[in-house]
Amino acid sequence: GEAPDQVDLTIVVPVFNEVESLPILCQKLDGVLSQLTLVSEIVFIDDGSTDGTFDVIADLARQYSPRVRAIRFRRNYRKAAALAAGFQEVRGELIVTMDGDLQDDPDEIPNLLKALEDVDLVSGWKKERKDPLSKRLPSKLFNMVTSIVSGVRLHDFNCGLKAYRREVAEDALPY
């Protein structure tokens, strides 16, 4: 199908070696997005996966066309860079970022969007994290930058699930 002229909402999902979870995630996302009145797209960014993740997201892009797009990095740049690249590709006025590992629940998206009606940035957070410190540090930096730019205090330092207005996302990038 033709890509829509105007996109209201872009879901940005940086992924790294997530072959197992992506078809499930995409199906859930598609189901949630289909119920919204907004025109939406999903941008998967493969951050240099070595396990066939790109083949999976390329298949999903064909299967769910034109809603799903796949972007590939040749090597692993880590999450902040993947998000930055994703933001370059965004067509929506509203952006939701989420992790590709099924820790973030697509059913939360309508709640995030509702919260976004009054503010420029919304962050979900998890009650307990199981990530190693190495995963938490880069996101601490991202959240610090985000908090400084937006004046919003973020609770969780690495919940991938966040919603932004596009102009805020553009300002919040440390690039």
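Analyst: Helices (H or I, at least four residues) and strands (E, at least two) are DSSP runs, numbered from the N terminus. This is a predicted model, in which local features need pLDDT of at least 70, side-chain atom pairs count only at pLDDT 80 or more, and totals for chains, interfaces and linings use all residues. Residues are numbered from 1 along each chain as its sequence is written, and side-chain values use heavy atoms, with hydrogens and water left out.

Helix H1 takes in residues 22-34, which is 13 residues. The expected span of a helix is 1.5 Å times one less than its number of residues. For H1 that gives 18 Å, and the end C-alpha atoms are 18 Å apart, so the two agree.

The buried residues of H1 are Leu22, Leu25, Cys26, Leu29, Asp30, Val32 and Leu33. They lie on the same side of H1, because they cover an arc of only 165 degrees around the axis. Buried means under 20% relative accessible area, exposed over 50%, and partly exposed in between (1.4 Å probe, protein chains only). The arc is that of the directions from the helix axis to the C-beta atoms. An α-helix has 3.6 residues a turn, so residues three or four places apart point the same way.

Pro14 is in strand S1, and it counts as buried because its relative accessibility is 12%. Leaving aside neighbours within four places in sequence, Pro14 is in contact (heavy atoms within 4.5 Å) with Ile45, Lys79, Ala82, Leu83, Met98 and Gly100. Pro14 and Ala80 are 66 residues apart in sequence, with 9.1 Å between their C-alpha atoms.

Arg69 is in strand S3. With neighbours within four places in sequence again set aside, Arg69 is in contact with Glu41, Ile42, Val43, Phe44, Ala61, Glu89 and Arg91. The side chain of Arg69 reaches the backbone oxygen of Glu89 at 2.6 Å.

As for the whole, the protein has six helices and six strands, which run β-α-β-α-β-α-β-α-β-α-β-α from the N terminus on. Buried residues make up 51% of its 175 residues. Of the contacts with a separation of 6 or more, 78% are between residues 24 or more positions apart.

Definitions and conventions. A polar contact is a pair of N or O atoms within 3.5 Å; within protein, one must be able to donate a hydrogen and the other to accept it, and residues adjacent in sequence count only if both atoms are side-chain atoms.
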